[in-house]
Amino acid sequence: MDSSFLLILLLVTPLAGAVIGGFLSDAAAKGWALVVSLATFGVSVWLAMRFFAGADLVVHPPSAPAQLTAIGASFSLGVTHISVWLILLTTFLQPLAILSSFKSVTIRQREYYAWINALLVAMLGVFVARDLLLFYVFFELTLIPMFFIIGIWGGPERRHAATKFFLFTFAGGVLTLAAAVYVGMAAGTFALDDWGAGALIHKYSVIHYAQLYLTPTARWWVMCGLLAGFAVKTPLFPVHTWLPLAHTEAPTAGSVILAGVLLKLGTYGLFILAVPIGLIGQTDSVIREWTHFIAIICIIGIIYGALCAWVQPDIKKLVAFSSVSHLGFCVLGLFALNDIGMQGSVLYMINHGLSTGAMFLVIGMIYDRYHTRDINKLSGLAANMPVLSFFFIFFTLSSIGLPGLNGFVSEFLTTLGAFTSPYLNPWYGSVAAIGIILGAVYMLHMAARVIMGPLKVPDVDHGDNHDDAHGHGHGHGLKKNDIGFREVGILIPLAIVVIIIGVKPGIILNGMRTQIEELREAPVVPMAQKITSPANAAVAQADVKIAIPSR
Amino acid sequence: MQHFWVVQHSWLIPLLPLIGAAIAGFFGAKILRGQSHWPIWLAVGTSAVLAFILLFQTLALPKHEAGATPESTAAMTAEGPYTPYYSKLLFNWIEAGDPALIGTAEHAQNVPGVSNSYFQATASFFFDPLTVVMLCVVCGIGFLITIFSAGYMKGESGYFRFFAYLGIFIFMMTCLVMGGNLIMLYLGWEGVGLSSYLLIGYYYEKPAAREAAKKAFLVNRIGDFGFGIGIMLCYLAFGTVSYFGNGVGTHTGLLELANGSLTQFQTTALYWIPFCLMLGAFGKSAQFPLYVWLPDAMEGPTPVSALIHAATMVTAGVYMIARCGTLFVHNPAAMTTIAVIGCFTALLAATIALRQFDLKKVFAYSTISQLGFMFVGIGALAPVAGVFHLVTHAFFKALLFLSSGVVMHAMAGELDMRKMSGLKRVLPITHILMLIGCLALAGFPFLSGFFSKDDIVGAAFHMNFFLGFMLLVAAFMTAYYTFRLYFRVFQGPLVIPEAPADSHGHGHEPNEHAAASQSAIDTGTAPSSGVDTAQTHHDPHAHHNHEPALMMFPLIVLAIGALLAGYLNFPSEMLGDFLGKSPSFIYAYDAVHNNPALVHATIKASAFGQEGKPEPLGIKLILMTVSGLIALAGIYLAYLFHLKDRARAAALANSMWPIASILDHKYWVDEIYQRLIVENLRTLGKLLANVVDRFVVDGLVNLAGLIPQAGGVFLKLTVQRGYLQGYAAAMLFGIAIILFVVFVH
């Protein structure tokens, strides 16, 4: 059975959901959004099962618009061993994020759920796109729904945060577009797989083209352009400043998706585009200056993010800064350019999505009750929220890399990757490991202040908290106020996955190795020898020299 | 050993306590409540039984020939069932890179252009005499303490939580000692750190407890940082993190490869690996400069202090160095460092213990000091002595902690020895048990501590006279502070601390009486008017049974251990011979023995459990006499100052106030760390977050972002429109722009 329709279905399901949901009543929109997200999750699981069963999942419509085929762009979809996990992560987090919004989002619900499903379409689009232009379109498309989710349903500073978020990522994205268009035009194809439909050069993807024929100067510029967009999105130091603000102001679900998936678009872009195009060449196969430069940026981010996180009074901002630190590890592993580091890096993407997403969910649950995230106003929640405290500590441990839980495997592999990398040296891994100490410092600082200690919570208004219908007047915030079935139901799936990945990371790690090695391997044979048809060879030879911008 | 049922099902040993923990944790709050100890009792009890079966089966193996070398052990591996070691693979835990590269030693090395590598960490166990001994200590003492805890923790809120944490601890600790590679060791290592964190923070509402818990975890993390780098270096140098790879004698594991022919890089790595790993050991085993967490850890319930912070977890560092001895002995400087740090810590902690008044704090510093002894043993190339002391110490220190727990229980939470005296009259059994523990700790002749401490001191003298002498000084102080505690708390006139009003509910003492009993404590003079009334007055205490059988039984077992454990290795070196069959010890000895450049030329085979020239009995006897006399002298001095005339102790302290003040402030080490490291880092963090991030980084980026500001204005307008159609139109418009860019080209 040809299962390629699943790729289309994966995009159509949330798209249709978003459109239909836009016409429903507020009350119905909630349930509908949940149903749609669960259906999408179902489709993604089906897709993943078919993919792992060996089905060739590719969509490449022959009837693409002429103008597009003329420049080599096409509506091509596909799945790789890397993207399949990110797809699953996305669709897995989506229902949880929606479920977490049920009581915290109270205004303009219909629009909210429509946007959040539209966001899902865009995110999934990035992961299934097998065409550079299509990838870029989806990549930028994620901005718009997120912009509104932060800008409308966010905290008091939401306008500022949304604008900053948009401007930063959009500014970076424009440069990425320039680089993508340049390299695509030069290659005559935007295809990311080797069956590219370019007019000039057949059989080669835009990536392989770039590896074979771009001059070092051109590649340097292309790398700069790609990096601009992806580094902002990831975010790497020093272009991370939009992130803490956006996280702090975003509604819980927005933060979960932002941390869980949107940041991964940056690392995913680095993974499938920046590294193979910018670093892997034909002769001296890797441009070392880049690996050292980025590794240093990552290490600064790891330590800088951790120290900033430690002193934040707002626990959501604390976790946001921890993302800066964590993604430093993720990108460091990637730029180690060895199997260990790169496999660890992909796993890091998944793990960070789970752990940090879960942390944001837990913090959102605290915020729903006490309307504060101030570390100085909350204390000793274990006394009146034991179940929530269990999950809080659990995901804290996952986040600080306790062996047996998911975070450890990826943290260790990325650090080990940097340590043993042929392009870096052990000092990089060693200095990055300081981040492992600091990670425990800020997370346990938060746990000690919020969960442990004498119970202290701000008084909350009756009206805001439905559970408190029978409050006892002054000090009723001190009574048992634990999370209910819905909230436990949100956290349990995350906790289970955290344990499964911690114990059997091989589920994710094992399949992707060959894919990662392909990413690192440039076609070493000159094209003329590879192409059998003399005519094509002539074309290829003629096209080798391409006008390049001077540096 | 392969054919043993217990070995085949060894995964039960860690798994059962974990299941027990899950049952206690998930069903304890609502269903089991006061019965939450049952799952843990059953699970840990079964694990302990399995551990002892393993021990006896291993012991029953036929003795192999003397002087086993790696060659002969390799031959024995081939024979199969007669080898006292065996590894059990459960599943592949972490695997990255190309499996086709298995077995190529170069694959992990830093070769430019070669990105391929293979990293594998299996969930596997390795059993040898060292594992089995550690396992029996962990499960055996762990079981006794779970029994004790059921009595001790009775009625505490969060009773189930306590037992769930204990279950997690036993799971992690058994993984630590059974693990077959460094990653499994690291799993257990971090895991026991977690359990320690949870248990220290058991009374999480107390700010002191939460700070202590956090401190314990973070100080350990600093050590783990070194440990982690050590593991990565091991992998980089040898391409594996497994102790013995595919099996002892196959030369595929770390500990064997380190003994083989080494490349230049491997030699360099072997210089640094010990220092990295040692940092981890110093953190976990509370050695200078990372010892500061252990005294604070006494905020946890007393059974936890006994199990985790005295008997088992803190000895993990000793275990690690004993296990990875081969990686350490290649670097004489590292061994010297371990011995010197151990000796320094032993002295430092002993001096601090001299001036502590909290029972548990005294024993905490004593634990640090005794761990220092073990490190000297290992550093002085006598791992058997180190492990021997580990075993005896586990008995008597657990006994001492639990006995102080009984005291604390009876005294309504009071642990200040200035507020109590003469307790032998109200706690007769505990008194005897405590005395046994104190004698063993003080190194009183013919009790367990005497023999094991002696072995270490002997090894230290062998290495360096000054080192040995310093240990004797530390031993003298140990005897003194131990009996200072004993004489003050159990002997002398009976004084019972005033119970806090809310604890037992019987009223307040008259102030004058309190003053009288206080003077009785201070002077040690018995027939003060207040004393007899004190007894009658406090009779309500006596009506409670402070020594329930549930709590006494484990204590008695431990006391027997404290009395007799020394005879495990004396007069015949049973424990040493047994441990000597561990491949870790064989290879470590081999590395030292075959390389005259290493450390002392006069290395003793018996120190590694290997058979060699027996030590002349005379020297041993002289040393025993000397150290026995030193212990007696310390005890006598404590008698003079703390029983005969307590006022004299206070007078002496006053006359030497500068020294007393330094000791009272514990050399200000905590304060120095706080000021120098924590506060500066936090200031840096604040500077980065509030100044650099806000103005410098963001400012620069904003400056660059001025150009698209115009676009921002446009978008702000669209926000304000607020129509869904409008947004959709904007979205389409954006796409159109992109496509336009493409077409225009």
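Reader: Where in chain A is A:Pro235 placed?
Author: A:Pro235 belongs to the loop between helix H10 (216–233) and H11 of chain A. Helices are DSSP runs of H or I with at least four residues, strands are runs of E with at least two, and numbering starts at the N terminus. The model is predicted: local features need pLDDT of at least 70, side-chain atom pairs count only at pLDDT 80 or more, and totals for chains, interfaces and linings use all residues. Residues are numbered from 1 along each chain as its sequence is written, while chains are lettered from A and ligands numbered from 1 in the order written.

Reader: What kind of peptide bond joins A:Thr234 and A:Pro235?
Author: A cis bond, with omega at about -10 degrees. Chain B has a cis bond as well, between B:Phe288 and B:Pro289, where omega is about 5 degrees. B:Pro289 is in the loop between helix H10 (264–284) and helix H11 (293–296) of chain B.

Reader: How do you know how H11(A) and H14(A) cross?
Author: Two packed helices are described by the angle between their axes and the distance between the axes. Here the axes of H11 (242–249) and H14 (315–335) of chain A come within 9 Å and cross at roughly 145 degrees. Axes are lines fitted to C-alpha atoms over the stretch in contact, and angles run from 0 to 180 degrees between N-to-C directions.

Reader: Which hand does the crossing of H11(A) and H14(A) have?
Author: Right-handed. That word applies if the near helix is turned clockwise from the far one by less than a right angle, and left-handed if anticlockwise.

Reader: Which residues in H11(A) meet H14(A)?
Author: A:Leu243, A:Pro244, A:His247 and A:Thr248 do. Their partners in H14(A) include A:Ala320, A:Phe321 and A:Val324. This contact divides into five nonpolar, three polar and two charged residues.

Reader: Why is A:His371 called partly exposed?
Author: A residue is buried if 20 or more other C-beta atoms, placed from the backbone, lie within 10 Å of its own, exposed if 12 or fewer, and partly exposed in between. A:His371 has 13 such neighbours, so it counts as partly exposed.

Reader: Why does B:Trp668 count as exposed?
Author: B:Trp668 has 11 C-beta neighbours inside 10 Å, so it falls in the exposed class. B:Trp668 is not a glycine either, yet its phi is positive, about 55 degrees. The loop between helix H29 (657–664) and H30 of chain B holds B:Trp668.

Reader: What makes the reach of helix H16 of chain B close to the expected one?
Author: The expected span is 1.5 Å times one less than the number of residues. H16(B) (359–379) has 21 residues and reaches 30 Å from first C-alpha to last, close to the 30 Å expected. Just after H16(B), B:Leu381 takes a positive phi of about 60 degrees.

Reader: What makes H16(B) mostly covered?
Author: Its burial count: 21 of its 21 residues are buried.

Reader: How many residues of chain B are in contact with chain A?
Author: 65 residues of chain B contact 69 of chain A. H8(B) gives the largest share of the chain B side, 13 residues. That side divides into 38 nonpolar, 15 polar and 12 charged residues. Contact means C-beta atoms, placed from the backbone, within 7 Å. Ala, Val, Leu, Ile, Met, Phe, Trp, Tyr, Cys and Pro count as nonpolar, Asp, Glu, Lys and Arg as charged, and the others, Gly among them, as polar.

Terms used: Two residues are in contact if their C-beta atoms, placed from the backbone, lie within 7 Å.
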